[in-house]
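Dear colleague,

Please find the structure below. My notes on it follow directly after.

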Amino acid sequence: MRTGFTHEHPVGGAIDWYTPPEVFEKIGLKYDMDVAYPMDKKLPWIPATKKLTIREDGLTAKWKGRIWMNPPYNGEIHKWLDRLATHGNGIALVWARTDLIWFQTYAAKADYVLFTRSRICFINQDMKRMARPASGSVFMAFGDENAKSLMISGLGIGFNNGL
């Protein structure tokens, strides 16, 4: 059972981690869908035409076009990445957990994987910058145009899988 769009589950509840505006500015793409948009929040800097919350169940809803995905980190991340890899057009932002099977599986399937130059200071549900997280992040791009946008973004260093 899915419990929500959260990234960490500390004692006393979950914390939502929203991608900050400068990430989208540096990538420079528009998205047809954000498939893991937070419930009851307005994040005007996310350049997605359609925003799916937990209510629409972005994991199982029909996807169309270029996808932005900062998925919930609730033990089902592999399902989200599998869906994006199958869809073949989009970018996911996830933890750089290189020792985990889901990471190795989908990094190998992505057209481009970019490790961030520094840790992303996400925005919390109170719309304030959070402290630096304990782990770094990585972008996984599926599709040539998404891969090329990450390559020139200046957000970090990456590798491609046959581009």
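The notes begin with the overall fold and then turn to helices, charged pairs, aromatic residues and one threonine.

This is a predicted model, in which local features need pLDDT of at least 70 and side-chain atom pairs count only at pLDDT 80 or more, while totals for chains, interfaces and linings use all residues. Residues are numbered from 1 along each chain as its sequence is written, and side-chain values use heavy atoms, with hydrogens and water left out.

**Overall fold**

The protein contains four helices and seven strands; helices (H or I, at least four residues) and strands (E, at least two) are DSSP runs, numbered from the N terminus. Read from the N terminus, the order of elements is α-β-β-β-α-β-α-β-β-α-β. Of the 163 residues in the protein, 50% are buried. Buried here means under 20% relative accessible area, exposed means over 50%, and partly exposed lies in between (1.4 Å probe, protein chains only). Among contacts (heavy atoms within 4.5 Å) with a separation of 6 or more, 63% are between residues 24 or more positions apart.

**Helix H2**

Helix H2 spans residues 77-87, and its buried residues are Ile77, Trp80, Leu81 and Leu84. These residues lie on the same side of H2, because they cover an arc of only 95° around the axis. The arc is that of the directions from the helix axis to the C-beta atoms. The cover over the buried residues of H2 includes S3, S4, helix H3 (101-109) and S6. After H2 comes Gly88, with a positive phi near 80°.

**Helix H4**

In H4, the buried residues are Asn146, Ala147, Ser149 and Leu150. They too are placed on the same side of H4, since their arc around the axis is only 160°. Helix H1 (21-27), strand S4 (90-95), S5 and strand S6 (137-142) are among the elements that cover them.

Asn146 has a relative accessible area of 1% and is therefore buried. Leaving out residues up to four places away in sequence, Asn146 touches Leu29, Arg66, Asn89, Gly90, Ile91 and Ala141. Asn146 and Gly90 are separated by 56 residues in sequence, yet their C-alpha atoms are 6.3 Å apart in space. The side chains of Asn146 and Arg66 are joined by a polar contact of 2.4 Å. A polar contact is a pair of N or O atoms within 3.5 Å; within protein, one must be able to donate a hydrogen and the other to accept it, and residues adjacent in sequence count only if both atoms are side-chain atoms.

Ser149 is buried as well, with a relative accessible area of 10%. Apart from residues up to four places away in sequence, Ser149 touches Ile27 and Leu29.

**Charged pairs**

There are two salt bridges, a salt bridge being a side-chain nitrogen of Lys or Arg within 4 Å of a carboxyl oxygen of Asp or Glu. One joins Glu145 and Arg66, with the closest N and O atoms 3.4 Å apart. Glu145 lies in helix H4 (residues 144-151) and Arg66 in the loop between strand S2 (48-51) and strand S3 (67-69), so this pair ties together parts that are 79 residues apart in sequence. Arg66 is buried, at 12% relative accessibility.

Lys79 and Glu76 also form a salt bridge, and their closest N and O atoms are 3.5 Å apart. Lys79 is partly exposed at 39% relative accessibility, whereas Glu76 is buried at 13%.

**Aromatic residues**

The count of aromatic pairs is 10, where rings of Phe, Tyr and Trp (its six-membered ring) pair if their centres lie within 6.5 Å. Phe24, Tyr31, Trp68 and Phe139 make up one aromatic cluster.

**Thr116**

Thr116 belongs to strand S5 (residues 112-116) and is buried, with a relative accessible area of 16%. Its side chain reaches the backbone oxygen of Ser118 at 2.9 Å. A polar atom of the Thr116 side chain also lies 3.3 Å from the backbone oxygen of Ser137. Neighbours within four places in sequence aside, Thr116 is in contact with Ser137, Phe139, Leu155 and Gly156.

With kind regards

Methods: Phe/Tyr/Trp six-rings, centres within 6.5 Å; stacked < 30°, edge-to-face > 60°.
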